[in-house]
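Let's walk through this model together, starting with the sheet and then turning to the helices and the space inside.

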Amino acid sequence: MTLNDIIVSALAQLDRGHDGQTLDIWRDKFTHYANEAVLDIARSLRLRRSDTLEVKEGYIDTSELPRCCAKILRMDRENVRVPFAVGPSTTKIRVYCPDGPVLVQYRYLPNDMTSPSDVPGLPAACHKSVVTYVVARERASADPSMQRGANLYFEIYNADKRRLRAMLGEPDSYEFFNRW
């Protein structure tokens with residue numbers, strides 16, 4: 001579902017037209033609401049991904065990752081865990097291994113949607129929840145007669161969020177390491 005699809009769906013649920021002129025009127029406001037929903041859902045899902053970065057002079061730069069890094073979970077080189085520590089800045093991480101590529105597993109936050117063709121950086125099962133949130137926010141900001149309906153949409157949104165598996169996309173088994 002693209003940003004444009006989200007806006008059209010929200011306008012349809014609000015019984016507003018979804019022609020080109022109406023889309024232009026509501027695009028900025030609904031884009032802001034959609035990005036809020038994506039960020040909220042991403043925080044509750046704790047999305048993970050793995051990407052390769054180059055160690056240069058004992059450091060990696062997390063700003064080179066394709067997504068906004070919220071937390072580094074582990075680093076590996078050739079299936080061997082690599083120790084790391086906080087570096088001199090918020091984006092530089094000290095890595096205790098020779099220079100070269102390392103696989104970085106990290107929690108990320110999706111990029112903001114700006115273009116009508118942008119897709120939320122969430123699993124497809126979450127996209128309808130974004131529409132529900134946009135409708136709830138718009139109803140909450142409207143006149144008092146529409147505000148009553150906002151509570152229902154917020155409840156649906158929160159119920160959808162609770163149904164999502166807290167660690168969606170993570171392995172079903174975990175390793176325990178004896179540090180001593």
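## The sheet

Two strands count as paired if DSSP finds at least two bridges between them, a strand (E) being a DSSP run of at least two residues and a helix (H or I) one of at least four, each numbered from the N terminus. In this predicted model, local features need pLDDT of at least 70, side-chain atom pairs count only at pLDDT 80 or more, and totals for chains, interfaces and linings use all residues. Residues are numbered from 1 along each chain as its sequence is written, and side-chain values use heavy atoms, without hydrogens and water.

Aspartate 76 sits opposite leucine 103 in E7. Strands E3 (residues 68-77) and E7 (residues 100-109) run antiparallel and are joined by seven bridges. The open sheet has four strands in the order E1-E7-E3-E4, with antiparallel pairing. Strands E1 (48-55) and E4 (80-81) are at the edges with a single partner strand each, so one side of each has no neighbour in the sheet.

## Two helices

H1 (residues 3-13) packs against H2 (residues 20-45) at an angle of about 105°, their axes 10 Å apart. That makes H1 roughly perpendicular to H2, a label for angles of 65 to 115 degrees. Axes are lines fitted to C-alpha atoms over the stretch in contact, and angles run from 0 to 180 degrees between N-to-C directions.

In the contact (heavy atoms within 4.5 Å), residues of H1 including Ile7 and Leu11 meet residues of H2, among them Trp26 and Phe30.

How values were computed. Parallel < 35°, antiparallel > 145°, perpendicular 65-115°, else oblique.
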